[in-house]
Amino acid sequence: MARSLTRLFRGCQSLASLPPMRVQLSYPPASVSLRITSIRTMASQDFSLPNPSWGPDMLRLYEHYKSQCEVEVEGGEKQGALWQRLPSYNRSIKYATGGAFLSRTIQSKARLFTRNITEPGAGFEYVLFANKKEQKCVCIFQPGHLLEGPPGHVHGGAIATMIDTVTGSHAVFLYGAIMTANLNINYRSPISLGSTVLVESTVDKMEGRKTLLSCKVTSTDGSKLYTEATALFLSISESRFLEW
């Protein structure tokens, strides 16, 4: 025991006699830098553009509506069109009034509900096109396997989410800041996971601060009605977000 303690003491003396070592740390570490870069890239990524998970029907309809959007002609001039594609990102808080007043932790972690599943094709795959002249909006929606409710079919809450997203985006596109006041949904037929459907929104009435829209979810050829709904939105001042 005494010999062991002697060896340990001599070892400590040897370590103490070594010249001091200088360790230079890079900040932030490379792994952290890569993660920050990936977060920033994802925050600026437009999730309404085609990815490998899109099926043939979704791609076909995307190209159909894209062809009716604004195009650039000779001389750099832009030719107006009826439809406009609405980009979609995985967060909205940094663009909202009051976002700067929230904690940095909340700002960095907040995610748009329909874009918080990062795996392509697993959750809400959709793209929106709006027609301001006709006051219409159409969404091409391909529900992924993580949205299951009844076996093999889409959860009713996921369908309600898409209806609220489409009608809400439509109202914002036309009239600015709004909040959902009422959503009334009638489910007619279940939607299979992985299929492609159309979610169409139409303005029925605009009265003061109130905007009433109707919405229907159909097969891509319009022959089958899956869901129909009405939605009421109230226009609000953006400063109201700071009061809540």
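A salt bridge is a side-chain nitrogen of Lys or Arg within 4 Å of a carboxyl oxygen of Asp or Glu. The model is predicted, so local features need pLDDT of at least 70 and side-chain atom pairs count only at pLDDT 80 or more, while totals for chains, interfaces and linings use all residues. Residues are numbered from 1 along each chain as its sequence is written, and side-chain values use heavy atoms, leaving out hydrogens and water.

Start with Arg60 and Asp57. They form a salt bridge, with the closest N and O atoms 3.6 Å apart. Both sit in helix α3 (residues 56–66), three residues apart, which means about one helical turn separates them. Helices (H or I, at least four residues) and strands (E, at least two) are DSSP runs numbered from the N terminus.

Next, select Arg188 and Glu228, whose side chains meet in a salt bridge at 2.4 Å, N to O. This pair links distant parts of the chain, 40 residues apart: Arg188 is in the loop between β6 (178–187) and β7 (197–207), and Glu228 is in strand β9.

Stay in strand β9 (residues 225–235) and go to Ser235. Ser235 counts as buried, at 17% relative accessibility; buried means under 20% relative accessible area, exposed over 50%, partly exposed in between (1.4 Å probe, protein chains only).

Finish at Cys137 and Cys139. The whole structure has zero disulfides, a disulfide being a pair of cysteine sulfur atoms within 2.5 Å. For Cys137, the nearest cysteine sulfur is that of Cys139, 7.3 Å away. Cys137 is buried at 1% relative accessibility, and Cys139 is buried at 0%.
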